[in-house]
Amino acid sequence: MAAALLRVVVLLLLLLPLPSSAAPGGRQLITVSCPPLRGSLHAEWGCPEGQLGPELLADPGFLGASGAWTTYLKEPDGASFSFTGNGVAVDAVADDDETPWHVQLTQPVSLDQGGATESFYSLCIQASSMQAGKIQFAVDADGALNFAVAGGGVRAQMRLAGDGRLRDHCFSFRLGPSEFVYQGRVALDLGAVKDVEVCHASLKRCTSRPSVAAIMPVRRCYLAPLSEGPGCTLLDRQSGATFQRNRHGQETTAKRACLQEMRTLAGNTFVYSIGHCEIWRCSSRAALVEAAMSYDSKDVFSELCEYDETAAGRRGTEKRSPVYVQLWEWNFDDIAKECVNYLGPNGIDAVQVSPVTEHILGSEWYTKYQPIGFGLHSRSGSKAQFAQMIAKCRGAGVQVIVDVILNHIAAPCQAAIEAGGAAVMPCKGWAGSAYGNRRINSQDGWKGPELFHNRQEIDGNRLGNCPVEEPSFTCPQSEPPGDCTRCDFKGLPDWNTGLQPTRDILTKHLTELHDLGVTMLRLDAASYVSVEDLAVIINELPWDLVYQEWWGGVPLEERTVAVGHYRDQKYGLKITNALGVGDVKYMPELLNISHGIDGISPERAVYPLTFHDQRTLQADRFIPTFKNGLEFHQQQKFLLAWPSAVAVRLFGGFTFTNMDAGPPGNCGNGQCQPFPVYMFNDAEPRCMPTPTESPLATSYEGWVCEHRWEGIAGLVAFRKACRGQPITQTWSESTVPSVGLGHFAFRAGGDCFAALVRGDNTRWPNYWGDLGPWRLAGLAPGLPPGRYCDMASLTTLRCWDRRSCPREVVIGSDGSVVPGTDECSSEVLNDGQWMK
């Protein structure tokens with residue numbers, strides 16, 4: 001026993017490092033090994049070349065001779081510091097609450113606030129450790145102002161992986177304009193990690209606003225995991241608790257940690273699986289795609305990818321055809337059921353939900369677009385219900401898109417308007433939070449006029465602002481004139497997203513959504529927020545999709561690159577014009593529908609047919625809504641069938657009899673509670689049946705569920721098989737003599753065939769009248785002989801055994817449609833695709 005014990009002791013002694021310097025309290029520190037300061041720690045900050053000022057810190061390399069740095073310990077023996085002339089080593093005592101500020105290095109600073117202009121600063125740190133954890137740092141106002149962070153932001157946090165490698169990170173902030181000098185300190189909070197080595201700290205001023213290029217989006221690629229080869233290098237591979245699922249059971253927080261590691265190590269790609277993170281650098285997009293060779297189940301994110309990539313899988317050989325559904329004003333419990341019962345089984349990629357934050361009281365549809373804070377409590381449900389909905393949808397294979405509002409908050413209620421400039425908040429929100437004129441006090445904290453654009457610098461009015469003037473939607477009163485990103489849209493107070501505190505508030509909101517499992521965003525009123533501000537706010541996180549509300553005009557390329565895709569409604573209006581408005585003889589021009597707004601490519605667009613802003617009091621053939629009945633249904637079928645678009649979005653809404661009407665439900669004192677779609681725990685939702693005429697002639701009131709009408713589920717499958725294939729043949733009156741007026745068909749690729757007849761809307765008589773059904777007997781669609789399912793007749797693919805179909809077509813041995821073949825049988829259906 002003694003010999004065995006002696007051997008263990010010897011082994012332990014051999015593993016202990018030899019001390020190089022003694023520290024107070026008898027604790028030992030190893031020598032810090034720091035490289036020479038590289039060209040600039042601020043390289044990724046985005047300060048234009050030549051605009052970065054001189055070093056503002058005394059002793060940025062921790063030489064220790066000048067005494068510039070002051071040490072602070074909450075407990076007398078809380079840590080040891082070793083200034084070795086080449087960086088500083090800090091060995092902290094284990095702290096039960098792991099509070100970083102229990103161990104600090106500080107240095108006083110005096111900063112110019114720019115006088116009549118703004119001034120921009122960045123504090124950058126280079127550090128390493130042999131234990132994983134986080135340190136934090138900032139410039140603050142020390143105890144005189146309760147340690148308020150310069151610029152009103154939050155302390156920067158740097159994650160140290162525990163591998164001994166140096167990491168760089170910056171805390172950036174804005175001061176001024178002010179004639180006073182900012183008196184504060186640099187504070188490095190190092191108490192949460194043992195054995196930290198800090199090599200350099202650098203504080204510099206940028207004489208102009210840093211560029212947005214400092215934070216570029218890292219998007220999901222949908223490619224196979226990477227294998228090393230020419231052009232792609234594996235920089236690091238990490239694992240551990242940091243990369244496991246969070247307390248909500250979601251992996252999104254871990255992906256965010258992996259993104260931070262990627263940026264720290266100057267990579268441009270990361271590959272994630274539960275518990276593991278790989279950091280890569282690829283020389284080009286082509287190299288990235290070529291390296292996507294692994295068969296493992298992992299997610300790839302990269303700066304080199306676009307949102308909604310069309311090429312996926314190994315070497316990009318798989319095709320993606322995203323289909324989304326906007327379930328407008330559905331409550332969270334109903335959305336969860338719909339994901340499990342219909343969306344997931346029918347191949348819907350994501351569900352878009354209405355804004356989820358606390359909003360004003362009222363029954364109108366637009367109440368949700370007037371937020372009074374970022375507490376997750378709306379008329380759709382509580383935060384707990386929201387989290388459960390996300391978990392169920394993602395479990396069913398359906399991602400969640402949240403319609404987020406980063407541009408504005410709620411307009412003041414009448415009582416606040418009557419109060420004038422008084423600092424009061426007499427208005428109440430859905431969850432009882434108070435708000436007033438440019439003031440909100442919700443469960444996520446108080447925010448006041450200083451965080452919003454206002455006229456203070458012009459005439460001292462903090463509660464007023466330039467308007468976005470209607471109907472021109474221009475801003476001649478803004479400064480500079482024409483800049484609508486600084487004005488109030490429809491009287492809604494406009495966040496000053498150029499301020500760091502505002503950016504921190506909005507980023508915190510998005511981070512909470514991301515932690516809960518939200519992977520996609522729709523940006524409401526995106527054109528009223530500057531490109532730079534949006535990019536800085538949203539690109540701290542890795543998203544599967546970000547797309548912007550867009551109404552028209554060619555967007556700037558920098559907006560596309562730095563922010564994301566676009567909601568393009570013009571594509572759907574082209575379909576409506578061809579199938580519901582224009583002369584029937586021009587219907588073959590459907591072949592020319594390749595995109596929507598000029599300047600927005602199909603690869604960068606999300607195409608809806610209808611959406612919540614698109615409402616009409618009566619049926620209107622120029623505006624596609626459910627009120628057009630069967631005609632609208634044909635248009636949404638064609639939206640799915642036509643192969644040129646990449647991402648399309650369906651709609652599931654409710655009936656309305658006035659332009660402001662909200663969802664069906666009981667209202668009282670503004671607390672309107674919508675009726676559930678799944679009433680009394682029904683197995684199926686209570687929705688409008690598929691219309692049989694145009695325009696809609698039913699008196700039905702309630703939930704419409706356009707996305708559930710006959711054939712939509714089947715056509716989602718048709719789209720997944722046929723999108724992107726070239727048009728190989730068409731049939732119309734002008735190309736095939738036997739085809740009648742208003743009849744049109746096309747074949748995509750070798751096995752996708754679609755045929756349709758122009759409908760008849762009795763509200764607007766026309767010279768061609770009701771064209772009736774198209775008897776396809778004798779038509780040769782160019783498909784192999786066999787039985788085919790009419791995918792436009794399938795109401796759901798859930799439990800579909802592919803052996804029979806509501807409507808079928810038989811192609812005979814001569815390649816033409818056999819007359820009268822519409823019976824069902826038990827034989828296996830042909831794998832070819834068909835739409836009728």
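Student: What makes both faces of strand 20 count as covered?

Tutor: In this predicted model, Val323, Val325 and Leu327 lie on one side of strand 20 and Tyr324 and Gln326 on the other, and all are buried. In a regular strand the side chains alternate between the two faces of the sheet.

Student: Why is strand 20 called largely enclosed?

Tutor: Buried means under 20% relative accessible area. Five of the five residues of strand 20 are buried, so the rest of the structure largely encloses this strand.

Student: How do you know that strand 20 pairs with strand 31, and in which sense?

Tutor: A pair needs at least two bridges. Strand 20 and strand 31 (residues 647–652) have five, in the parallel sense; the count therefore meets the criterion of at least two bridges. Within this pair, valine 323 stands opposite valine 648.

Student: What makes strand 21 a partner of strand 20 as well?

Tutor: Three bridges in the parallel sense join strand 20 and strand 21, and at least two are required. The bridge partner of tyrosine 324 is alanine 350 in strand 21.

Student: Which elements do the buried residues of helix 4 pack against?

Tutor: They pack against strand 20 (323–327), strand 21 (350–353), helix 5 (383–395) and helix 13 (712–722).

Student: Why is helix 4 called largely enclosed?

Tutor: Because nine of its 12 residues are buried. Among them are Phe332, Ile335, Cys339, Tyr342 and Leu343, and also the residues Asp334, Glu338 and Asn341.

Student: How do you know what helix 4 spans against a straight helix of 12 residues?

Tutor: At 1.5 Å a residue, a straight helix of 12 residues would span 16 Å.

Student: What makes asparagine 331 a cap of helix 4?

Tutor: A side-chain oxygen of asparagine 331 lies 3.1 Å from the backbone nitrogen of aspartate 333, at the N-terminal end of helix 4. The limit for a polar contact between N or O atoms is 3.5 Å, and 3.1 Å is within that limit.

Student: What contacts does aspartate 533 make?

Tutor: Not counting residues up to four places away in sequence, aspartate 533 touches Thr497, Gly498 and Arg503. A polar contact of 2.7 Å joins its side chain to that of arginine 503; this value is within the 3.5 Å limit.

Student: Why are strand 4 and strand 10 called edge strands?

Tutor: They belong to an open, antiparallel sheet of five strands in the order 4-5-12-7-10. Strand 4 (79–83) and strand 10 (167–175) each pair on one side only. The twist averages 25° from one strand to the next.

Student: How do you know that strand 4 and strand 5 pair?

Tutor: Five bridges join strand 4 and strand 5 (residues 88–92) in the antiparallel sense, against a requirement of at least two.

Student: What makes strand 6 and strand 11 a pair?

Tutor: Strand 6 (residues 103–112) and strand 11 (residues 181–189) share nine bridges in the antiparallel sense. The bridge partner of glutamine 107 is valine 186 in strand 11.

How values were computed:
Residues are numbered from 1 along each chain as its sequence is written. This is a predicted model: local features need pLDDT of at least 70, side-chain atom pairs count only at pLDDT 80 or more; totals for chains, interfaces and linings use all residues. Side-chain values use heavy atoms; hydrogens and water are left out. Helices (H or I, at least four residues) and strands (E, at least two) are DSSP runs, numbered from the N terminus. Axes are lines fitted to C-alpha atoms, for helices over the stretch in contact, and angles run from 0 to 180 degrees between N-to-C directions. A polar contact is a pair of N or O atoms within 3.5 Å; within protein, one must be able to donate a hydrogen and the other to accept it, and residues adjacent in sequence count only if both atoms are side-chain atoms. Contact means heavy atoms within 4.5 Å. The expected span of a helix is 1.5 Å times one less than its number of residues. Buried means under 20% relative accessible area, exposed over 50%, partly exposed in between (1.4 Å probe, protein chains only).
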